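This report describes selected features of one protein model.

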Amino acid sequence: MKNIAVIGSGTMGNGIAHVFAQHGFNVNLIDISESALEKAVATIAKNLDRQVAKGKIDEATKTNALNNISTFTLMGEGVKDADLVVEAATENVEIKLNIFRDLDKLCKPEAILASNTSSISITKIASVTERPEKVIGMHFMNPVPVMKLVEVINGYLTSKETTDAIVKLSEAVSKIPVPANDYPGFVANRILMPMINEAILSLQNGVAGVMEIDQIMKLGMAHPMGPLQLADFIGLDVCLSIMRVLQDGLGDDKYAPAPLLVNMVTAGHKGVKSGKGFYDWTHGTKDLVVADQFKK
């Protein structure tokens with residue numbers, strides 16, 4: 001596999017494109033918005049500059065990486081020669097199903113179709129295609145250029161050949177692929193999201209404040225980031241979506257999203273992306289400032 005198409009130019013999409021381009025792959029980055037694509041390429045360039053400044057790559061690698069990226073607003077043009085397509089669109093079932101219906105028609109028959117979904121069933125996604133054996137999950141972690149893990153999700157009909165190819169490809173871009181099977185939340189979010197949800201319930205019930213909950217988990221459990229801060233970075237809307245997938249898929253009320261989480265998302269407080277969450281991010285992400293509504 002040499003030609004990679006990435007659907008979606010947001011945080012995860014541009015990170016995935018960055019990693020493949022840096023490792024010498026031809027990358028077509030696809031989004032319906034030209035301005036979003038311009039912003040994504042600027043972000044990739046900025047992150048490559050950061051790698052150069054830290055001595056992780058040289059200027060030639062940066063230049064080659066940027067030259068390896070082409071942008072498209074038409075999916076058909078962007079995916080027609082792809083050996084692998086990685087979908088990194090919004091974590092919404094219907095959006096993803098529609099994308100995979102289109103990809104199945106637009107891509108060459110031998111192309112592998114992967115989703116970066118963090119919770120949605122790969123088997124369900126594969127069911128809308130005529131190539132379920134070639135559909136797989138590649139769950140990258142944020143920030144993609146830094147985090148080593150790729151959670152490789154096998155759908156019910158994913159072939160061993162497809163899995164082997166994705167494991168090998170992940171290793172080729174200096175990632176560590178770890179296989180998992182197709183159950184709600186897979187491994188990462190089946191464990192992580194209930195912890196975040198419990199942290200939100202602890203805040204909601206007055207057990208402790210925002211900063212205190214995060215400090216306890218950082219200092220006591222050696223977590224690099226507290227669960228409420230992490231939720232803000234993931235996006236509270238994404239956290240809510242994943243909790244609902246867990247609740248629906250596992251049929252257990254213990255996965256019910258915290259009412260506070262529901263209210264915050266309804267109010268448009270989605271974390272870093274909106275500027276407000278458990279913390280106030282309107283002045284950047286370097287300093288932790290608790291959002292006004294959670295100050296004592």
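Asp 104 is buried, with a relative accessible area of 15%; buried means under 20% relative accessible area, exposed over 50%, and partly exposed in between (1.4 Å probe, protein chains only). The model is a predicted one, in which local features need pLDDT of at least 70 and side-chain atom pairs count only at pLDDT 80 or more, while totals for chains, interfaces and linings use all residues. Residues are numbered from 1 along each chain as its sequence is written, and side-chain values use heavy atoms, with hydrogens and water left out.

**Salt bridges**

A salt bridge is a side-chain nitrogen of Lys or Arg within 4 Å of a carboxyl oxygen of Asp or Glu. By this rule the count comes to 9 salt bridges. The table lists pairs from among them.

| Pair | Closest N and O atoms |
|---|---|
| Arg 131 and Asp 104 | 2.8 Å |
| Lys 160 and Asp 164 | 2.7 Å |
| Glu 77 and Lys 80 | 3.5 Å |

Arg 131, the partner of Asp 104, is buried as well, with a relative accessible area of 5%. Glu 77 is partly exposed at 41%, and Lys 80 is partly exposed at 42%.

Lys 160 and Asp 164 stand 4 residues apart in helix 7 (residues 160-172) and are therefore separated by about one helical turn. Helices are DSSP runs (H or I, at least four residues) and strands likewise (E, at least two), numbered from the N terminus. Lys 160 counts as exposed at 59% relative accessibility, whereas Asp 164 is partly exposed at 41%. Elsewhere, salt bridges that share partners join Glu 87, Glu 91 and Lys 96 into one network.

**Helix 1**

Helix 1 (residues 11-22) has 12 residues and reaches 16 Å from its first C-alpha to its last, close to the 16 Å expected at 1.5 Å a residue; the expected span is 1.5 Å times one less than the number of residues. Because 11 of its 12 residues are buried, helix 1 is largely enclosed by the rest of the structure. The buried residues include Met 12, Ile 16, His 18 and Phe 20. Just after helix 1, Gly 24 takes a positive phi of about 90°.

**Positive patch**

Lys 46, Arg 50, Lys 54, Lys 56, Lys 148 and Lys 286 form a positive surface patch, where a patch joins like charges within 9 Å among residues with over 30% relative accessible area and no salt bridge. Lys 286 is found in the segment after helix 12 (259-266) and counts as exposed at 82% relative accessibility.

Conventions: Patch = residues over 30% accessible without salt bridge, like charges linked within 9 Å, V, L, I, M, F, W, Y side chains within 5 Å. Areas by Shrake-Rupley, 256 points an atom, 1.4 Å probe, with all protein chains shown as cover. Lys, Arg positive; Asp, Glu negative; His and termini not counted. Charge placed at Lys NZ, Arg CZ, Asp CG, Glu CD.
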